[in-house]
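Look at the model first, then read on.

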Amino acid sequence: MSLTPQTGIMEIALYESGASSIAGRDDVLKLSSNENPLGPPPAALEAIVKAASETHRYPATDHASLREAIADVYGLEADRIICGVGSDEVLQFVSQAYCGEGYEILYTEHGFSMYPVLAHMAGATPVVVPERERVVDVDAIIAAVTDKTRLVFIANPANPTGTLLPDDELVRLTDGLPANVILVLDGAYVEFAEGYDGGKSLAATRPNVLMTRTFSKIYGLGGLRIGWGYGPKEMIDVMTRIRQPFNLSGVQLAAAEAAVRDPDWVQTCAELNAEQRVRLTGAMRQLGLAVDDSAANFVLVRCADKLEADAAEEALLSDGIIVRRPTGYGFPEGLRITVGDAEQTGRVIDTLTKWREATQ
Ligand SMILES: Cc1ncc(COP(=O)(O)O)c(C=O)c1O
């Protein structure tokens with residue numbers, strides 16, 4: 001090849017998004033992308049319409065108004081926040097700014113699929129660390145650190161397992177990492193995890209911890225692509241140097257600000273999720289399927305083996321329900337099911353109950 005891409009680029013497999021339609025059906029229930037069954041908050045929709053008439057203008061480059069809103073609502077310092085095109089972009093900022101050829105990025109066995117991609121995008125080497133029973137293993141991470149390690153990615157709650165590492169374990173991990181290793185606490189699902197501060201106390205006080213958040217999940221704005229990160233001022237300043245000045249449109253900024261300032265949205269959605277998650281988890285266990293307690297807006301159902309999961313997926317698809325097969329995450333026997341509203345959850349339970357009855 002005469003044109004040679006940068007190191008690592010050809011290691012990246014092209015992203016394949018999950019299905020969102022089923023031929024011949026107009027009642028499809030998509031539970032494969034951990035989206036919010038309630039959609040975006042009405043205030044965000046109003047803000048989108050209003051901002052749309054200003055699209056001939058370039059957006060703010062400093063994101064000051066959105067950062068102020070996030071800082072107010074979450075009790076943070078605005079100048080330690082960076083906003084990105086989804087939290088994916090913030091994860092990219094940190095890996096690109098601090099890692100490169102010769103460096104290692106650690107992530108765990110069932111970790112989010114973007115982590116190795118981000119390592120390759122930066123030209124760094126992704127290193128997988130085993131988990132213990134589908135939970136991040138702090139000792140295994142600390143043992144895997146070498147003098148080449150520059151970054152550790154952890155999603156808490158984790159995707160696709162939904163498991164949560166408790167605060168004391170996070171502190172132990174942070175304490176156990178060398179000062180030149182950044183710990184990224186990916187908090188895409190934190191609002192669904194009761195009692196967890198999302199890594200805020202660590203990101204606020206430690207010089208090497210970054211937490212990331214998204215508007216894609218509880219705020220129901222996945223289609224608009226907005227996320228943010230919070231960390232030491234020095235780290236935010238470094239990342240800002242590689243952020244494109246107009247990475248977020250005026251529509252994105254306005255929608256996110258309205259969403260974060262909605263006083264009740266997070267609680268309403270988290271309550272609905274908690275209620276339906278308990279119901280779905282209980283029903284799956286009742287059917288003899290294995291499910292860990294989830295702290296997120298999805299559950300990972302584990303069948304006896306891949307064949308059984310294929311059959312369960314087939315039954316769901318024939319009832320118009322799309323779930324995610326987390327085969328690439330090391331769960332060929334798994335079905336990751338987004339927790340929907342009461343009616344949607346009922347539909348999943350009915351379908352799998354009928355399937356179980358027919359096969360046993
Ligand atoms: C663990 C985790 N982190 C980050 C993201 C990225 O989300 P977004 O770029 O939409 O903020 C996702 C999306 O599914 C995720 O599951």
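The lining of the second largest pocket divides into twelve nonpolar, seven polar and five charged residues. Here Ala, Val, Leu, Ile, Met, Phe, Trp, Tyr, Cys and Pro count as nonpolar, Asp, Glu, Lys and Arg as charged, and the others, Gly among them, as polar. This is a predicted model: local features need pLDDT of at least 70, side-chain atom pairs count only at pLDDT 80 or more, and totals for chains, interfaces and linings use all residues. Residues are numbered from 1 along each chain as its sequence is written, and side-chain values use heavy atoms, without hydrogens and water.

A pocket is an open set of points on a 1 Å grid over the protein atoms alone, where a 1.4 Å probe fits, with protein on both sides within 12 Å along at least five of seven lines; lining residues have an atom within 4 Å of a point.

| Pocket | Volume |
|---|---|
| Largest pocket | About 710 Å³ |
| Second largest pocket | About 550 Å³ |

Of the 24 residues lining the second largest pocket, Tyr 15, Ser 113, Val 117, Gly 328 and Tyr 329 are closest to its centre. Helix α4 (residues 114-121) gives the most to this lining, with four residues. Domain 1 (17-39 + 264-359) and domain 2 (43-261) both give residues to the lining of the second largest pocket, so this pocket lies between them.

The lining of the largest pocket has seven nonpolar, 13 polar and eight charged residues. Helix α3 gives the most to that lining, with three residues.

Terms used:
Grid points are joined across faces, edges and corners, and a volume is the space filled by probe spheres set on the points. Helices (H or I, at least four residues) and strands (E, at least two) are DSSP runs, numbered from the N terminus. Domain bounds come from an automatic or database domain assignment.
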